[in-house]
Amino acid sequence: MGKVYVFDHPLIQHKLTYIRDKNTGTKEFRELVEEIATLMAFEITRDLPLQEVEVETPVSKATSKVLSGKKLGIIPILRAGLGMVDGILKLIPAAKVGHVGLYRDPETLKPVEYYVKLPSDVEERELIVVDPMLATGGSAVEAIHSLKKRGAKNIRFMCLVAAPQGVEAMQKAHPDVDIYIAALDEKLNDHGYIVPGLGDAGDRLFGTK
């Protein structure tokens, strides 16, 4: 079963409060989402492997450490996931970025894949799938299915706010995927919105209704 990590760092929680506030405008909302993504990226990369190298400081030679060449990929779920990408790239500028686009079929209400563009060596990369919300879990589950169909093996999922139902759906469908979240909220309402949540992340990021 995939592990669930809730990041309770004070800076993350502080910024999350302002994201939740309905009076926070598009510009500030976008900046805060990016900042939280950077802070979460710091935590999610804690276990990246290191290797020793020799460097020469102004004083002497030293044995020091660098990342051991593990390839990373960031995969936003369109469109709201785009708001988290730049925040992660600030810390990991060499990561490749792929995209997965899904829409909800109005008849079946199931997510349908409409766009997938991934790095060519996706099977060799540690992938971080990002979306601000994990509500019913339908989109995240389908996005990860799309990645696995194309050879992805090492996948983590990162979001800002999750509902218990979404976490459960993800763990059931993808027990090999760890989930990283800034807040585990109370529930979903009758319209599938996370309560208390933060509304529609895509609309708030991009100023649409």
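**Note on the predicted model: cores and helices**

1. Start with Met158. Leaving aside neighbours within four places in sequence, Met158 is in contact with Ala37, Met40, Ala41, Ile44, Met84, Ile88, Ile128, Val129, Val130, Asp131 and Tyr180. Contact means heavy atoms within 4.5 Å.

2. A word on the source. This is a predicted model, in which local features need pLDDT of at least 70 and side-chain atom pairs count only at pLDDT 80 or more, while totals for chains, interfaces and linings use all residues. Residues are numbered from 1 along each chain as its sequence is written, and side-chain values use heavy atoms, with hydrogens and water left out.

3. Which residues touch the most other members of the largest nonpolar core? They are Ile19, Met40, Ile88, Met158 and Leu160, and the core holds 37 residues. A nonpolar core is a set of buried Ala, Val, Leu, Ile, Met, Phe, Trp, Tyr and Cys residues joined through side-chain atoms within 4.5 Å. Buried means under 20% relative accessible area, exposed over 50%, and partly exposed in between (1.4 Å probe, protein chains only).

4. Several elements each supply at least two residues of this core, including α1 (10-20), β10 (154-162) and β11 (178-184). Helix α2 gives the most, with eight residues. Another core lies apart from this one; it has 23 residues, among them Ala140, Ala152, Val177 and Ile181.

5. Now look at α3. Its buried residues are Gly83, Met84, Val85, Gly87 and Ile88. Their cover includes α2, β4, β5 (96-97), β8, β10 and α6.

6. Asp203 is worth a look. This residue is found in helix α6. Is Asp203 buried or exposed? It counts as buried, at 18% relative accessibility. Leaving aside neighbours within four places in sequence, Asp203 is in contact with Arg79, Thr208 and Lys209.

7. Step back to the whole chain. The protein chain has six helices and 13 strands. Helices (H or I, at least four residues) and strands (E, at least two) are DSSP runs, numbered from the N terminus. The radius of gyration is 18 Å, close to the 17 Å that the globule rule gives for 209 residues, so the chain is as compact as a globular protein of that length. That radius is taken over C-alpha atoms, and the rule is 2.2 Å times the number of residues to the power 0.38.

8. Buried residues make up 44% of the 209 residues. Among contacts between residues at least 6 apart in sequence, 62% join residues at least 24 apart.
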